[in-house]
Every structure is written in structure tokens, then in C-alpha cells.
Amino acid sequence: MAKKKPLVVLTRKLPDVVETRMCELFDARLNIEDKAMSKPELAEAMRIADVIVPTVTDRIDAELIALAGPQLKLIANFGTGVDNIDVGSAVERGITVTNTPGVLTEDTADMTMALILSVARRLVEGAKIIPGGEWAGWSPTWMLGRRITGKRLGILGMGRIGQALARRAKAFGLQIHYHNRRRVLPIIEEELEATYWESLDQMLARMDIVSVNCPHTPATYHLLSARRLTYLRPHAIIVNTPRGEVIDEQALTRMLEAGQIDGAGLDVFEHEPAISNKLIKLANAGRVTLLPHMGSATVEGRIDMGEKVIINVKTFMDGHRPPDRVLPSML
Ligand code: 8YV
């Protein structure tokens, strides 16, 4: 007798090729309209599913986990960051949590480098001029940005994406500096010619560009607090691609408005998709580049993330430990 296929609920629309494979392997429930699920809809999905596949837009908190049906044994996140899931409560209830690390590293590092170039060289601002019919012709001192070659880049969080960024930035002639929970292996520091800063405060005070590349965890919430942001140099620029909660966004906005730092490139926001009018005003004034959480937004990347979810679900359903299991101790 054929083994009953696990009931796998997808909370958002995933790439077609991924959904097709899921329907072949599992009793997959798709979200064709791609309408984000409400909390009651999430609760219902978790009441009936063996596996739920959420994304960054789904808050899987302790309340939802407590309401989940006894058969729900796996939360297979479509995404690397798991700050949308109360991993501790899930594990306590015997529910395994997985994510999709590694497959979006290069894409996200590319976008981070693009944000650095965009802010330093006023790309978005410049790209609006010709379509806006405002170009009166070249001028020697007009639309000047800042050179990045030879400048100091401070990477906050030297994990996969931080290191991938360092490789790119080194190729652009930037000096690599970093702060991290632990020092990376000497061989990696050598390869990246990276300088380690034990003190985040001291690193912030000496960098031309600061890139946030650490996950959002209880320990990194507002790691770049209002106090720490004041250490940044007046001409510094800051970019953020992992999660908005790592930076005190209101304090950052105040500093940008006051011209205390030169600019910012943000792909993530503390209360996304809600963005403050002040930040939008700064973007219209060309002081900041704001992107709608596109860090890993490539066709290839999203398919790879989906395939990782499939491997995690299949391995788990076959009774093995899934390759991308997330434990509270890892956060
Ligand atoms: C994802 C991301 O697209 O992986 C992450 O943590 O932020 C993005 O790459 C998003 O999380 C989808 O859930």
C-alpha cells in the first residue's frame, strides 16, 4: 500500500518548477494567488499540516506553535533568516525547523555591493535625471559621488554572506575590516586581507563604509543602536541587507536628516513593508537608496531555495535529520 504523502502547506507562491516538484512528492497545498496568510489562516494551516513552508512574511510565534496540530513536525522555512519563527517554542514542542542557507549567499553579496556602489556613486539619483528630462549636459562638478577604491569597508557579521561581500569588495580595491562574534580562520583572514576588530565601537569610528551582514537574533536587535551610530564618521555610508531590526532605524533616519552621515543603502526595514515618510523623503532627495527586500531576488536563487526546502522535507519525512536544521543554540 502506497505510503500516505505528507500534507505540506506553502504559505506563499513559490517558483513553478518548485511547486510542480512539491506536488509530485507531497500532498502539497499551494498559494496560487500569493496572498500573504492572515494569522487565523496560518493557524488553520498549522492545525492540519504535517509540514508548513513559511517565508519572511509569516510570523510563526509561540501562540501559533501552541495551536498547531499534533501531526505538525516540521517548519521548513523558505529563507535563511528565521527571525520570523519562534524556534525555541517549536523545538520545545518537538517540531523541527529548517532554513535555506548558502544558496542565496552570492546573490545577496552582489546586492550588497550594488547598494554600496549605488549610494557612493549616487546611482539611483543619477538614473532618474534623463527620464525626468532634467539633463542640461555634462558639468565638471555635478553629480559627484565618492570613490570607493582604497576606502575602509567594515563588515558587521563575517558569515557566508559577509565573506562573499569581502571577496567582491576586495576586487573593488576596498580595505576589508570586520567585527564578528568569533574571529574567522586565519586562512580566510589572509585570503580576504581582512582586519578583525574585537571592538565594534572602535571599528565603526574608523570606517568609510559599514555593511550589516549578521542575522537578526535577540543578541543583534538594535546592535547598531542610537549610541553606536554616533560613532560613524560624517562621510560614512551604511548598508543593510539581512534584517532591519539590527539597526535603530529611527536613530539612523535622524542622523541622515541631520547630515551626520553621508548616506545609506537599505534593502530591509524594521517594520517592513511599512517605511517611514522620513526615509522616503530622504530617498526622494537622493540621500538613501531604498530597495524592497530584493537581496536574494534572482530566478536561480529562489529555485535553489525551493529545492533546499524539498530536500529538507524529503529527508525529514524519510526519517533522517534534515541538512539545514536550525537549533536555538545556533541563533
Ligand atoms: C528571502 C531572506 O527571500 O533568506 C532570507 O533570510 O531574507 C530572503 O532571502 C526571504 O527570507 C524569504 O522568506
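**Figure 1. The aromatic pair of the predicted model.** By the criterion applied to this predicted model, the count of aromatic pairs comes to one. The ring centres of Tyr-178 and Tyr-196 are 5.2 Å apart and the ring planes stand at 50 degrees, so the pair is classed as tilted. Distant parts of the chain are linked by this pair, whose members are 18 residues apart. Tyr-178 belongs to strand β7 (residues 175–179), and Tyr-196 belongs to strand β8 (residues 194–196).

**Figure 2. Backbone geometry at Glu-193.** Glu-193 is not a glycine, yet its phi is positive, at about 45 degrees. This residue is located in the loop between α8 (186–192) and β8.

**Figure 3. The cis peptide bond at Pro-273.** Glu-272 and Pro-273 are joined by a cis peptide bond, with omega at about 5 degrees. Pro-273 lies in the loop between β11 (263–266) and α12 (277–284).

Figure 4. The residues around the ligand are Thr-55, Val-56, Phe-78, Gly-79, Thr-80, Gly-81, Leu-104, Arg-243, His-293, Ser-296, Arg-302 and Met-305. Sorted by class, this shell has four nonpolar, six polar and two charged residues. Arg-243 and Arg-302 are among the residues of the shell.

Figure 5. At Phe-78, a backbone N or O atom lies 2.5 Å from an oxygen atom of the ligand. A polar side-chain atom of Arg-243 is found 2.8 Å from an oxygen atom of the ligand. For Arg-302, the distance from an N or O atom in the side chain to an oxygen atom of the ligand is 3.2 Å. The ligand taken alone exposes 320 Å², of which the protein buries 89%.

**Figure 6. The largest cavity.** The model has two cavities of 30 Å³ or more. The largest cavity holds about 80 Å³ of space. Its lining is formed by Ala-120, Arg-146, Arg-147, Ile-148, Lys-151, Asp-208, Ile-209, His-235, Ile-237 and Asp-262. By class, the lining of the largest cavity divides into four nonpolar residues, one polar residue and five charged residues.

Figure 7. The volume of the second largest cavity is about 30 Å³. The second largest cavity is lined by Asn-240, Gly-244, Ile-247, Glu-249, Leu-252, Leu-266 and Val-268. Four nonpolar, two polar and one charged residue make up the lining of the second largest cavity. Leu-266 is one of these lining residues, and strand β11 spans 263–266.

Notes. Residues are numbered from 1 along each chain as its sequence is written. This is a predicted model: local features need pLDDT of at least 70, side-chain atom pairs count only at pLDDT 80 or more; totals for chains, interfaces and linings use all residues. Side-chain values use heavy atoms; hydrogens and water are left out. On a 1 Å grid over the protein atoms alone, a cavity is a set of points where a 1.4 Å probe fits but cannot get out, and a pocket is an open set with protein on both sides within 12 Å along at least five of seven lines; lining residues have an atom within 4 Å of a point. Grid points are joined across faces, edges and corners, and a volume is the space filled by probe spheres set on the points. Ala, Val, Leu, Ile, Met, Phe, Trp, Tyr, Cys and Pro count as nonpolar, Asp, Glu, Lys and Arg as charged, and the others, Gly among them, as polar. A residue is near a molecule or strand if one of its heavy atoms lies within 4 Å of it. A polar contact is a pair of N or O atoms within 3.5 Å; within protein, one must be able to donate a hydrogen and the other to accept it, and residues adjacent in sequence count only if both atoms are side-chain atoms. Accessible areas come from the Shrake-Rupley method with a 1.4 Å probe; for residues, only the protein chains shown count as cover. Rings of Phe, Tyr and Trp (its six-membered ring) pair if their centres lie within 6.5 Å; planes under 30 degrees apart count as stacked, over 60 as edge-to-face and the rest as tilted. Helices (H or I, at least four residues) and strands (E, at least two) are DSSP runs, numbered from the N terminus.
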